[in-house]
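Good morning, colleagues. Please turn to the sequence and the structure on the screen, and I shall then take you through the fold, the core and the surface.

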Amino acid sequence: MSMAPAAYVERSGSDKRHYQDMRKIIVTFGLISGAISSLMMIALVTFGNRIGFDRGAIIGNTSIVLSFLMVFVGIRTYRDNIGDGQITFLKAFAVGLSITLISCIIYVVTWEVIYYSFLPGFWDAYGAHLVQKLTASGASPAAVQEKLQQVRKYKELYKNPFFNAVLTFIHPFPIGLVITLFSALVLRRKPQPQPGQSPLPES
């Protein structure tokens, strides 16, 4: 009877180490992913006048996709180093989604700091850019005014830090969610039955 508590303690200790290792992977790759997108955002803001809004949007979205490659790497690292080469779709999705959330939170915090500290005239400059672009494309004055009305609406919404954070969060999150689903599907690997395998835990 004395062996049961010892086995329970051993298993509890193993589960705790497993959780700590999983959390380390999630936090590490979440921070790396968030750092990539945030550093690129800072670079775009710094050189925004040279890059322009259109090219800046392309570069920004590309950097977000690249940053979420850490989701794939994180899930694979968990599978190979903690899961003994095995991982279910749900576990892979949970790990990937956690990395995505950390990355998006860092992205939002970075934008909030930059927006309120260094971009007081962002929407005015963006509105002027749209007017120039639409006028050059031959858009009607009514269409130009409609776009400007949308810009004014967003300018008011972004004054509220809560709405600012929500609107910023929903920019990268869908990309991270798609990459998480793809990664979980690609990297899932069911346990292979191994008859005769020793029941003792590996050291």
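Of the contacts in the protein that link residues at least 6 apart in sequence, 81% join residues at least 24 apart; contact here means heavy atoms within 4.5 Å. This is a predicted model, in which local features need pLDDT of at least 70 and side-chain atom pairs count only at pLDDT 80 or more, whereas totals for chains, interfaces and linings use all residues. Residues are numbered from 1 along each chain as its sequence is written, and side-chain values use heavy atoms, with hydrogens and water left out.

The protein has nine helices and zero strands. Helices (H or I, at least four residues) and strands (E, at least two) are DSSP runs, numbered from the N terminus.

Let me turn to the interior. Of the 203 residues, 31% count as buried, that is, under 20% relative accessible area, with exposed meaning over 50% and partly exposed in between (1.4 Å probe, protein chains only). The largest nonpolar core holds 30 residues, among which I75, Y78 and V95 touch the most other members. Such a core is a set of buried Ala, Val, Leu, Ile, Met, Phe, Trp, Tyr and Cys residues joined through side-chain atoms within 4.5 Å. Helices α1 (3-46), α4 (69-81), α5 (89-118), α6 (122-136) and α9 (173-187) each supply at least two residues of this core, and α5 gives the largest share, eight residues.

Which residues does I75 touch, not counting those up to four places away in sequence? They are I87, A92, V95, G96, S183, A184 and L187. S183 itself lies in helix α9 and counts as buried because its relative accessibility is 1%. Leaving aside neighbours within four places in sequence, S183 contacts V71, F72 and I75.

The accessible surface comes to about 13200 Å², of which 66% belongs to carbon and sulfur atoms; areas come from the Shrake-Rupley method with a 1.4 Å probe, and for residues only the protein chains shown count as cover. In helix α4 we find N81, which is exposed because its relative accessible area is 60%. N81 and D21 are 60 residues apart in sequence, and their C-alpha atoms are 9.2 Å apart in space.
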